[in-house]
Amino acid sequence: MKDIQKWIVLERTTCEPTIKWAQNESHIFLTIKLSHRWDSPPCLNSLSQKSSIENDTLYYSNECMVGHSKITFETELKFKKEVEENSLDIKRDGVGTYFVQIEKSDRDDIWSFLDQENTNYMIWN
């Protein structure tokens, strides 16, 4: 009975991951942390990751387990300007963090904000 209990998921939660961004003239760089705050520990046990770009929007989802709780980190990020759909490159950057590189459609362009709502995402220094 104890073996069965440890596989029972008690709770399911969906939240948005923490994002930092940077850029150069040709690319956008993101660090996605599977946590609700940048200074909180990330989710360690990633179960599945899905990501895609359509037009100017990044869709990202990552399911993971924290204790007996299943957490899905999801974001739908509508970029300030268009990006190349086939340029999405995601690599695991460390425990609970992912590095994302996306090519801009209009090279030689520096964006003032990452998204169309002018959200104040953290910037790499």
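Q: Which cysteines does a disulfide join here, and at what S to S distance?
A: In this predicted model, a disulfide joins Cys43 to Cys64, with the sulfurs 2.1 Å apart. The cut-off for such a pair is 2.5 Å between sulfur atoms. By that rule the count comes to one disulfide.

Q: Where in the chain do Cys43 and Cys64 sit?
A: The pair links distant parts of the chain. Cys43 is in the loop between E3 and E4, and Cys64 is in strand E5, 21 residues apart.

Q: Are Cys43 and Cys64 buried or exposed?
A: Read the relative accessible area: under 20% means buried. Cys43 has 4%, so Cys43 is buried. Cys64 has 0%, so Cys64 counts as buried too.

Q: What about Cys15?
A: Cys15 is in no disulfide. The nearest cysteine sulfur is that of Cys64, 8.0 Å away. Cys15 counts as partly exposed because its relative accessibility is 23%.

Q: How do I read the overall fold?
A: Start with the elements and their order. From the N terminus on, the order is α-β-β-β-β-β-β-β-β-β. Then take the extent: the C-alpha trace spans about 60 × 30 × 25 Å along its principal axes.

Q: What share of contacts joins residues at least 24 apart?
A: Count contacts between residues at least 6 apart in sequence. In this protein, 55% of them join residues at least 24 apart.

Q: Which residues touch the most other members of the largest nonpolar core?
A: The general idea first: in soluble globular proteins, nonpolar side chains tend to be buried together. Here the largest nonpolar core has 22 residues. Ile28, Leu30, Leu77, Phe79, Ile102 and Leu114 touch the most other members.

Q: Which strands each supply at least two residues of this core?
A: Strands E2 (18-23), E3 (27-33), E5 (57-66), E6 (69-78) and E8 (97-103) each do.

Q: What does Leu30 touch?
A: Leave out residues up to four places away in sequence. Leu30 then touches Ile19, Lys20, Trp21, Leu58, Leu77, Tyr98, Phe99, Val100, Ile102, Leu114 and Trp124.

Q: How much of the protein is buried, and what makes up its surface?
A: Of the 125 residues, 38% count as buried. The accessible surface comes to about 7,800 Å². Carbon and sulfur atoms account for 46% of that surface.

Q: How many positive and negative side chains are there?
A: There are 15 positive and 21 negative side chains. Look at placement as well as count: the centres of the two sets lie 9 Å apart.

Q: Which residue other than glycine has a positive phi near 55 degrees?
A: Asn55 has that value. Asn55 lies in the loop between strand E4 (45-54) and E5. Its relative accessibility is 52%, so Asn55 counts as exposed.

Q: And which has a positive phi near 60 degrees?
A: Asp108, again a residue other than glycine. Asp108 is placed in the loop between E8 and strand E9 (122-123). Asp108 is exposed because its relative accessible area is 70%.

Q: How far apart are Gly94 and Lys33 in sequence and in space?
A: Compare both separations. Gly94 and Lys33 are 61 residues apart in sequence, and 9.4 Å apart in space, C-alpha to C-alpha. Gly94 lies in strand E7 (residues 89-94). With a relative accessible area of 27%, Gly94 is partly exposed.

Definitions and conventions. Residues are numbered from 1 along each chain as its sequence is written. This is a predicted model: local features need pLDDT of at least 70, side-chain atom pairs count only at pLDDT 80 or more; totals for chains, interfaces and linings use all residues. Side-chain values use heavy atoms; hydrogens and water are left out. A nonpolar core is a set of buried Ala, Val, Leu, Ile, Met, Phe, Trp, Tyr and Cys residues joined through side-chain atoms within 4.5 Å. Buried means under 20% relative accessible area, exposed over 50%, partly exposed in between (1.4 Å probe, protein chains only). Helices (H or I, at least four residues) and strands (E, at least two) are DSSP runs, numbered from the N terminus. Contact means heavy atoms within 4.5 Å. Accessible areas come from the Shrake-Rupley method with a 1.4 Å probe; for residues, only the protein chains shown count as cover. Lys and Arg count as positive and Asp and Glu as negative; His and the chain ends are not counted. The place of a charge is taken as NZ of Lys, CZ of Arg, CG of Asp or CD of Glu.
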